[in-house]
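Hi,

Here is the structure I promised to pass on.

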Amino acid sequence: MTLPSPVPASPWRLSVAPMLDWTDRHCRHFHRLLSRHTRLYTEMVTTGALLHGDQHRHLDFDAFEHPVALQLGGSEPADLAACAKLAQRWGYDEVNLNCGCPSERVQRGAFGACLMAEPALVADGVKAMRDAVDIPVTVKHRIGIDRIERYDFVRDFVGTVAEAGCEVFIVHARNAWLQGLSPKENRDIPPLRHELVHQLKREFPQLTIVINGGIRSDDEIAHHLQHVDGVMVGRQAYHEPWQMAGWDARFFGAPAPVQDRREVEQAWIDYLQRGHEAGRPWTQAMRHALGLWNGIAGSRAWRQFWSDARQREVAPALLDERAPRPGRSTSPVSTATQANTLSQATEQVRLPG
Ligand SMILES: Cc1cc2nc3c(=O)[nH]c(=O)nc-3n(C[C@H](O)[C@H](O)[C@H](O)COP(=O)(O)O)c2cc1C
């Protein structure tokens, strides 16, 4: 008797959420060091920025980041199609349409969460993108807008957009209140209703439904995976990145890519060093990694060391030799020695010629 081959995990089983100013290419590189299988998303990029701006700046990424999805903000089907083509040409694994952002600036552009009130327009956009590319076209949205609490609202939205060919829906399980709340408040204040997302999966078993919003522990992730196809984690992954190091083993049945935090730190410093040698300031990238040692004795000193703006000219590899080592009972060098070597290092860098 031949055993059925194991069903491969959905490509959307686990992902890190798109987060403006946070999930840039450096952040994604860092996250990829921690998990090889978790799907990563770019920050939202508007169709206007892509069509009229610096495409390389917005789209370039490293092959190491795969699987990686580009998130678009926009509503005009022809523009969305043109941007989806760019996403495909650049090698992204997916193009995702943002129907969940509540910011006023986004509302003025008539996209983001206010698109949930216009499912037919979203369907047109999805269709235009699907006609233009072969990569998956997916939608990220909320469960409702303003005070519309009815399940029918999100069900009809998903139904209409699915008819246009969208097969993957990432659902942030709270409403977007379009008036009176900042985007940040809109990620905390409207109540979470995870059960509505589970209900969507029951109603549309053929669709891939990914749940998002307020999910923190691995046990919570495992719980939701019993009800939906995937879980997207945002702030928790960003603030507690080490948690991701266990995801490949627990959720993909794959070997863990790293054994300890120091291994990640070293690979990350190598990456920063390469950027530094190419003339890119490393401090912008380093900010994404500052949570790496959270919870370990000495993590604060480590964070302070790596956020010290006075060191920004110094090569990361050189700094690493002097950096505090969290988790060690005795620091390899005293703080005073560190200060001295640091100023020497800074001087070395500033030597003329
Ligand atoms: C700093 C920040 C920026 C965000 N930017 C985006 C964005 O560009 N596109 C988007 O769809 N959602 C964005 N979000 C929302 C997240 O993708 C996610 O839906 C939300 O944080 C809820 O998930 P969480 O509770 O796991 O963080 C952002 C969230 C944060 C914290």
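Below is what turned up, going from domains to a strand to a pair of helices.

First, the ground rules. This is a predicted model, where local features need pLDDT of at least 70, side-chain atom pairs count only at pLDDT 80 or more, and totals for chains, interfaces and linings use all residues. Residues are numbered from 1 along each chain as its sequence is written.

The domain assignment (bounds from an automatic or database assignment) gives domain 1 (14-252) and domain 2 (261-350). Their centres, taken over C-alpha atoms, are 33 Å apart. Across the boundary, 11 residues of domain 1 are in contact with 12 of domain 2 (contact means C-beta atoms, placed from the backbone, within 7 Å). On the domain 1 side, helix 1 (residues 25-34) supplies the largest share, 6 residues (helices, H or I of at least four residues, and strands, E of at least two, are DSSP runs numbered from the N terminus).

Now strand 7 (residues 208-212): 5 of its 5 residues are buried, so the strand is largely enclosed by the rest of the structure (buried means 20 or more other C-beta atoms within 10 Å of a residue's own, with C-beta atoms placed from the backbone). T208, V210 and N212 point one way, I209 and I211 the other. Strand 6 (residues 168-172) pairs with strand 7 in the parallel sense over 5 bridges (pairing takes at least two DSSP bridges), and H172 sits opposite N212.

Lastly, what contacts helix 6 from helix 4? P77, A78, L80, A81, A84 and K85 do.

Cheers

Key:
Contact = placed C-beta atoms within 7 Å. Buried ≥ 20, exposed ≤ 12 C-beta atoms within 10 Å, placed from the backbone.
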